[in-house]
Every structure is written in C-alpha cells, then in structure tokens.
Amino acid sequence: MKLDDFKLEVYFGKYEFTAPYLLTQSDCESMRVGELLSYEPGAEERLMHSWLGYTEVPGNPELRGLVSGLYKNIKADEILMHTGAQEAIFAYMNVLLEKGDHVISMFPVYQSLYEVAHAEGCQVSPWNLKHTEQGWSIDFNELEALIRPNTKLIAVNTPNNPTGYTFSEEELKHLCSIAEKHGIYIFGDEVYRGLEPDGIKKPWIADLYDKAISLGVLSKAYGLAGLRIGWVATRDKEILNKMTKFKHYLSICNSEPSEFLSIIALKHGDKLLQRSIDIIQGNLKLADQFFARYEHLFQNNRPMSGPIAFHKIKIDQSIEDFCEDLVQKSGVLLLPGSIYSFKGPFFRMGYGRKSFGQCLNIFEQYLIDRKLV
Ligand SMILES: Cc1ncc(COP(=O)(O)O)c(C=O)c1O
C-alpha cells in the first residue's frame, strides 16, 4: 500500500512546535498530569504503583466499561481501545475494504478517512459539504445519488473537521436508514463529540445501526491528546475481531499509564468536557466581535459544535501564500484550506485553547500592518 503524504501533519511538522501563536489547533486546552490526578483523591499514589508491563490487547476492562457508558446500546466487549484515533481509522479501513470497493466520504474531511481507502485501490466519491451565506450544509439526495452497486462504506465525520458541521439526531437516523437500505457500512468519526450544546446525550452512530462503527478519542474534547487513547464502538463482532487481530501488527496494546489516566479522565468526564466548553464559548465571543469588526474581509462560519471552524477570507492572494506569510511575519499559525484539498480561500481556526485571545490580537495586528483592515 502506498499512502500519499498526510498534508495536515506535514504542515504541522513544519510549524506546530515552532510557531508561537497557534490559532488553528483542533485539540482543546490540555493539562499537566498533576492537574488530571487532582480530580481524584488517591490517584497520584495509585499511578506510582502502575505496572509497566504489556496490557490487554482490547484495552483495560474498567476503561472499556467507562467508554461503553458513553453509549446507549454498546456494551464493554463492543469497545476496542486504540493508540489514538488515527490507528483505529487505519485498522478499520484495512480490515473492511478491498481493492475495487466503492467508498463515499464526506468532504472536506480529515484526510485519513478517504486516503487509506484510496491507497487500498478503492474508488472514492466525495459527499460534498456546501458553503452558503449561512455557513455549511449537506444534501442527502446527493448521497443517495452517489451510491453504486459496489458501495461498501460511507465515511462521515461529525462534528466535522474542518467545518464544524454536525448532524442532528434526525440526520443521523436518515443516514443510517439510507445505509441500511443498501447494506452499506458506516464509519462514524465522532472524535469531536462532547462539546455540543445538547451534550453527549445524542446517540452515537454505533447506537443506531449494526453495521456502523463509532470512533472516539480523548485527544479533542477532553484535551488529552498526549495520552494517545482512542477507541471504536460497534455491535459488529466480526469487524471487532478482525480489528483486534490487525492491532496485533500495530501497537499491540495501549500504554498502562495512559490507560490509568484515561480511567481518571472518564470518571470525571463531565467536568473535563465543561472545562473545554467554557474555553470555547469564551473564545467564540471574542471571535464574533472580531469578525463583526471586519465583515468586509471575512465570512464567519461559526461551528455548529466542536472546537474548529472553516472561515472564508476575501483576499487577492492564494490561501497558502496568505497563511505562509502570516506565520512567517507574525508567528500566527492558521491552516489553509488547501491542506484539505479544498478549493477556495478558506482557513481553519481552532477555539479550544486558552491562548486564543492573545493569538487573535496578534492576527489582527498583522491584518492592520498589511492594511487589509
Ligand atoms: C476527524 C479526526 N479524526 C481522527 C483524528 C486523529 O486523532 P488522534 O490524533 O487522537 O489520533 C483527528 C485528529 O486531528 C481528527 O481531526
């Protein structure tokens, strides 16, 4: 299998740890180990006694139990833990797809959702999010029109990276009914769940359909990317067994300290999610004021939920050149839409970090210096 470069990671490789003002990150504000441990009396002492041997391949049973508690219809043995979400995407696409299969992928989207399928020799059709004066929208009639006799998988990401588009419960059910009618699998990348105004109560895709799998992770809404703990949930035991065997060739099992800390995180999940929601809400207010000042330059595509949005800027230069000049001259990092192979002057902004206000001020000064505002 020959994979194309992961454009986002290549770009981040250049700037994520050198640019001082990160205004595009998709993970919410993280914390030190000590802060996480402080949520649970006695946890620090227990961490000191963690055993640094191999762990169970499917994941720590207590952790799987806590993860299954997030779902309505998923049991602990229907959860398979992974090292981050990325490993799980790679494993799923490998065990499900074969050369010649047809895959429909929401677009724009996180590259691995279609790139792995493409590298396996599948035909991939984009299901396009449309940009309008009101923001982003998607058309289910278009999805139905894309279905072919050999369509094996529909891959969606909700809340979506990069647009923040989020399916309503009705849309999720509609999606599942279309897939069920044609016997198609659904890959539901739901790594940004937990930040919705209506909370985590909405069903996950795996709750709704037997041939669906839901992807979750602690990296984004919980702000714990460094734990590298993700999971899949599905009632499809055959897929889960195949993924377990595939994991034998990847990470084999998760790190014990990470699993331990993930248990603490999920036991106090509501508080961690609220911490992220509060940061995002504060930052959205600052952004609304910023965009209201400069309506002639931007279209503010406020995210429906999640920590990122894909805004439009009206400039006479390519979005790559704009973002490159911005980071070189001011140190502010934004992601150009071209990273998503998406045409047009769009950039991704991230709302989950405490430094958002400071980064936005520096961005504003850059625009003033360039006489764009
Ligand atoms: C939609 C989506 N899925 C999966 C991932 C991978 O998550 P992780 O870094 O935890 O492996 C990301 C990371 O940005 C993402 O945005």
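Predicted model: local features only at pLDDT ≥ 70, side-chain atom pairs only at ≥ 80, totals over all residues.
Residues are numbered from 1 along each chain as its sequence is written, and side-chain values use heavy atoms, with hydrogens and water left out.

Q: What is the relative orientation of α1 and α13, roughly parallel or roughly perpendicular?
A: Helix α1 covers residues 7-15 and helix α13 covers residues 319-330; helices (H or I, at least four residues) and strands (E, at least two) are DSSP runs, numbered from the N terminus. Their axes come within 12 Å and cross at roughly 20°, where axes are lines fitted to C-alpha atoms, for helices over the stretch in contact, and angles run from 0 to 180 degrees between N-to-C directions. Angles under 35 degrees count as roughly parallel, over 145 as roughly antiparallel, 65 to 115 as roughly perpendicular and the rest as oblique. The two helices α1 and α13 are therefore roughly parallel.

Q: Which residues of α13 meet α1, and how do the residues of the contact divide?
A: From α1, the residues Y11, K14 and Y15 meet C323, E324, V327 and Q328 of α13, contact being heavy atoms within 4.5 Å. For the division, Ala, Val, Leu, Ile, Met, Phe, Trp, Tyr, Cys and Pro count as nonpolar, Asp, Glu, Lys and Arg as charged, and the others, Gly among them, as polar. The residues of the contact of α1 with α13 are 4 nonpolar, 1 polar and 2 charged.

Q: What is the relative orientation of α13 and α14, roughly parallel or roughly perpendicular?
A: Helix α14 spans residues 356-369, and its axis lies 11 Å from that of α13. The packing angle between α13 and α14 is about 105°. The helices α13 and α14 are therefore roughly perpendicular.

Q: Which residues of α14 meet α13?
A: The contact of α13 with α14 divides into 6 nonpolar, 1 polar and 2 charged residues. On the α13 side, the residues are F322, D325, L326, K329 and S330. Those they meet in α14 are I362, F363, Y366 and L367.

Q: With which side chain does the side chain of H102 make a polar contact?
A: H102 belongs to strand β3 (residues 102-107) and is buried at a relative accessible area of 0%; buried means under 20% relative accessible area, exposed over 50%, partly exposed in between (1.4 Å probe, protein chains only). Among the residues that H102 touches, not counting those up to four places away in sequence, are Q123, S125 and L146. A polar contact is a pair of N or O atoms within 3.5 Å; within protein, one must be able to donate a hydrogen and the other to accept it, and residues adjacent in sequence count only if both atoms are side-chain atoms. At 2.6 Å, the partner of the H102 side chain is the side chain of S125.

Q: Which backbone oxygen does the side chain of S276 reach?
A: S276 is placed in helix α12 (residues 269-293), and with 1% relative accessibility S276 is buried. Not counting residues up to four places away in sequence, S276 touches C28, L195 and A221. The backbone oxygen that the S276 side chain reaches, at 2.6 Å, is that of A221.

Q: How many Å apart in space are E120 and L3, C-alpha to C-alpha?
A: E120 occupies the loop between α6 (112-119) and β4 (123-128) and is buried, having a relative accessible area of 14%. In sequence, E120 and L3 are 117 residues apart. In space, their C-alpha to C-alpha separation is 8.7 Å.

Q: Which residue does a cis peptide bond join to P108?
A: P108 is located in the loop between β3 and α6. The cis peptide bond has omega of about 0°. The residue joined to P108 is F107.

Q: Is K371, with its positive phi, buried or exposed?
A: K371 lies in the segment after α14. Its phi is near 60°, a positive value in a residue other than glycine. With 72% relative accessibility, K371 is exposed.
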